[in-house]
Every structure is written in C-alpha cells, then in structure tokens.
Amino acid sequence: MCARFRDRLLWGPGAARDDGLLDRSFVEHSRGSADCLASMFGHLCDDIYRRWAGGLGAAGAWEARLDAAAEAGLDCLEFVPGATGVANAAALSVDARIAGQRTRLRERLSELIAHEYDGPAGDPPELHFEFVLGAIARAIGDGLSAGEPPVLVRKRVRTAIALLEPAAA
C-alpha cells in the first residue's frame with residue numbers, strides 16, 4: 001500500500017502532501033478495499049504494539065506499567081485520526097489476513113507482557129496474559145461498537161485490568 005495514502009488516512013491531512021489523495025477511495029487506490037483494510041490494520045497493529053512496549057518499558061511497579069501500556073494503546077485509538085474507523089472495520093471483517101493480524105498482535109502482546117512481568121516465574125502462566133488481553137480487547141470492542149466516548153472505553157479497560165491483572169511480588 002502506498003505509504004502516503006496510508007499516512008493520509010491514519011494520521012490526517014497534515015501527514016502527507018495532498019496529491020488528490022482525498023479524492024481516491026480504498027478501492028481506487030489498491031486492488032480492493034479488503035487489501036487496503038488489511039494493510040491499514042497491519043500498520044495499526046504495529047503501532048499499538050510499539051505503544052504497549054513503550055508503556056511496559058517505563059519505570060515503575062508492574063501494575064503502573066501495565067496500566068501505562070493499556071493507556072498508550074488506547075491513545076492510538078483516540079488520537080490517531082482514522083484508527084478507530086480502521087479498528088471498527090477490521091472488527092467486522094471476515095478476511096483471514098485481518099484475523100491473522102489480530103491473532104499475531106495478541107500473541108506478541110502476551111509474550112511482551114509475560115516477559116515484562118516481574119512476579120514469580122511461571123506465575124501466572126502466559127495463558128493468563130492472553131486472557132487479560134482478550135478481556136481488554138472485548139472491553140474496547142464493546143465500547144467502540146456502542147459509540148462510547150473514549151473516557152468510557154478507558155473506564156471499561158481499567159475495570160477489566162483491575163479484575164484480572166496479576167499482582168507482582
């Protein structure tokens with residue numbers, strides 16, 4: 001996918017020169033809208049992962065770092081123009097590429113969280129982190145599909161984390 005077009009859609013008008021990109025649709029620019037959506041969602045997943053890695057890599061207690069990582073991921077959806085639209089479209093997609101990207105993101109985040117967890121080794125198992133991420137994804141998806149403002153989506157996520165996060169030693 002053309003980087004200028006992707007940047008224009010994800011980051012807004014100031015991100016790329018306006019070479020008539022506003023007049024092009026997903027279908028006109030790529031082989032089809034499914035290709036564009038898969039590409040955009042892949043870039044969005046990479047951005048979310050980087051933001052989570054930054055939050056978990058910060059100084060502080062485990063719980064504060066997990067909260068910072070989740071907040072950084074939510075910042076992406078709230079402040080990157082177009083990100084929520086791409087996430088909503090991807091949630092409705094039956095494209096196997098998008099399902100694979102979603103699975104890879106969850107696996108990468110689960111591995112990252114397990115690696116950064118500073119509690120006893122193997123406690124909780126990595127599967128627990130996958131469960132936490134599933135609850136976070138569900139909270140975000142439910143909030144976005146209900147059209148909730150970002151502050152309520154963040155509240156849903158904090159509630160899910162509070163109920164499920166392991167306490168570090």
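**Helix pairing and an aromatic cluster**

Helix α7 passes α8 in a right-handed crossing (the near helix turned clockwise from the far one by less than a right angle). This is a predicted model, with local features needing pLDDT of at least 70 and side-chain atom pairs counted only at pLDDT 80 or more, while totals for chains, interfaces and linings use all residues. Residues are numbered from 1 along each chain as its sequence is written, and side-chain values use heavy atoms, leaving out hydrogens and water.

The axes of α7 (residues 126-145) and α8 (residues 150-164) come within 9 Å and cross at roughly 160 degrees. That makes α7 roughly antiparallel to α8 (angles over 145 degrees, on a scale from 0 to 180 degrees between N-to-C directions). On the α7 side, the contacts (heavy atoms within 4.5 Å) include Phe131, Ala135 and Ile140, and the partners in α8 include Val153, Arg156 and Leu164.

Turning to the rings, the structure holds three aromatic pairs (ring centres within 6.5 Å). Trp62 and Tyr117 sit edge-to-face, at 5.0 Å centre to centre and 85 degrees between the planes (over 60 degrees counts as edge-to-face). This pair links distant parts of the chain, with Trp62 in helix α4 (residues 62-79) and Tyr117 in the loop between α6 (96-116) and α7, 55 residues apart. Trp62 also pairs edge-to-face with Phe129, at 6.1 Å and 70 degrees. Phe129 lies in α7 and Trp62 in α4, so this pair ties together parts 67 residues apart in sequence. Trp62 and Tyr117 are both buried (under 20% relative accessible area, 1.4 Å probe, protein chains only), and so is Phe129. Trp62, Tyr117 and Phe129 form one aromatic cluster.

Key
Helices (H or I, at least four residues) and strands (E, at least two) are DSSP runs, numbered from the N terminus. Angles under 35 degrees count as roughly parallel, over 145 as roughly antiparallel, 65 to 115 as roughly perpendicular and the rest as oblique. Rings of Phe, Tyr and Trp (its six-membered ring) pair if their centres lie within 6.5 Å; planes under 30 degrees apart count as stacked, over 60 as edge-to-face and the rest as tilted. Buried means under 20% relative accessible area, exposed over 50%, partly exposed in between (1.4 Å probe, protein chains only).
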